[in-house]
Amino acid sequence: MSLDVPTALLERAEAGRVDDAEFVDCVRRSLPYAWSVVADVAARAAGGHGVAEHAAPPPGEAERGQLLRALASDAIRGGLERHFGVRLAFQNCHRVAAFPPALVGGPAYREFVSPLAQIRNQSPELRNC
C-alpha cells in the first residue's frame, strides 16, 4: 500500500472533500524517507542553487520502496511538486532531482531526463534495484 490513510481522510475523500494540503500531509506521514529526500532537493533547488540532486542509495528496501511509490505515482509526485514548487525527475530507484520551474525544459533538465543520462546512470549493482 502506498499511503497510510486515516479513516477520517478516507471518508472525506469518498465524499469528494480532500484538499491538496491534506493529501500532502498524508504523503509526508506515510512516506517519511521519500518526503525527506524530496524536501532536501526542493529546498536546495529553491535556495538559488538551480538543480539539486540526491544520488545516495536508500539505507534499505523499505526506503527504496517509498521513493518508488512517491515518484511513480502521478498523484503523489504532482502533490509534492505543487507543495514544494519544483519539478521532480527520477532515475533508477534512488536518483532524484528537483528543478526550479524556470529551468524545466532547459539543458540541465533535458539532459537529466534523457535516455542517454538514464543509460549512463546504470551499473551492475543498480540493475535489480
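This is a predicted model: local features need pLDDT of at least 70, side-chain atom pairs count only at pLDDT 80 or more; totals for chains, interfaces and linings use all residues.
## A first walk through the structure

Asp25, Arg28 and Arg29 are joined to one another in a network of salt bridges.

**The overall picture**

The protein is built from 7 helices and 3 strands. Followed along the sequence, these elements come in the pattern α-α-α-β-α-α-β-β-α-α. For 129 residues, a compact globule would have a radius of gyration near 14 Å, and the protein has 15 Å, which agrees. The C-alpha trace spans about 45 × 35 × 20 Å along its principal axes. Of the 129 residues, 40% count as buried. Taking contacts between residues at least 6 apart in sequence, 59% join residues at least 24 apart.

Which residues of helix H2 are buried? In this helix, which covers residues 20-30, they are Val24, Cys26, Val27 and Ser30. Viewed down the axis of H2, these buried residues fall within an arc of 155°, so they line one face of the helix. They pack against helix H1 (7-14), helix H3 (32-49) and helix H5 (74-84). At the start of H2, a side-chain oxygen of aspartate 19 comes to within 3.2 Å of the backbone nitrogen of alanine 21.

**Salt bridges**

The structure holds 7 salt bridges.

Arginine 29 and aspartate 25 are 4 residues apart in helix H2, a separation of about one helical turn. Aspartate 40 and arginine 44 are likewise 4 residues apart, about one turn, in helix H3. An α-helix has 3.6 residues a turn, so residues three or four places apart point the same way.

In soluble globular proteins, nonpolar side chains tend to be buried together. Here the largest nonpolar core has 24 residues, of which Leu31, Leu67, Ala70, Ile76, Leu80, Leu88 and Val96 touch the most other members. H2, H3, helix H4 (61-72), H5 and E3 each supply at least two residues of this core. Which of the elements gives the most to this core? H3 does, with 8 residues.

Valine 96 shows how such a residue is surrounded. Not counting residues up to four places away in sequence, valine 96 touches Val37, Val41, Ala52, Glu53, His54, Leu67, Leu71, Leu88, Ala89, Phe90 and Phe112.

**Arginine 95**

Arginine 95 is found in strand E3, which runs over residues 95-99. Is arginine 95 buried or exposed? Its relative accessibility is 18%, and buried means under 20%, so arginine 95 counts as buried. The side chain of arginine 95 makes a polar contact with the side chain of glutamate 53, at 2.6 Å. Leaving aside neighbours within four places in sequence, the contacts of arginine 95 are Glu53, His54, Ala55, Ala89, Phe90, Phe112 and Asn121.

**A stop at proline 57**

The last stop is proline 57, in the loop between strand E1 (52-54) and H4. Proline 57 is exposed, with a relative accessible area of 54%. Beyond its neighbours within four places in sequence, proline 57 is in contact with Tyr33 and His94. Proline 57 and histidine 94 are 37 residues apart in sequence, while their C-alpha atoms are 5.8 Å apart in space.

Terms used:
Residues are numbered from 1 along each chain as its sequence is written. Side-chain values use heavy atoms; hydrogens and water are left out. Buried means under 20% relative accessible area, exposed over 50%, partly exposed in between (1.4 Å probe, protein chains only). The arc is that of the directions from the helix axis to the C-beta atoms. Contact means heavy atoms within 4.5 Å. A polar contact is a pair of N or O atoms within 3.5 Å; within protein, one must be able to donate a hydrogen and the other to accept it, and residues adjacent in sequence count only if both atoms are side-chain atoms. A salt bridge is a side-chain nitrogen of Lys or Arg within 4 Å of a carboxyl oxygen of Asp or Glu. A nonpolar core is a set of buried Ala, Val, Leu, Ile, Met, Phe, Trp, Tyr and Cys residues joined through side-chain atoms within 4.5 Å. The radius of gyration is taken over C-alpha atoms; the globule rule is 2.2 Å times the number of residues to the power 0.38.
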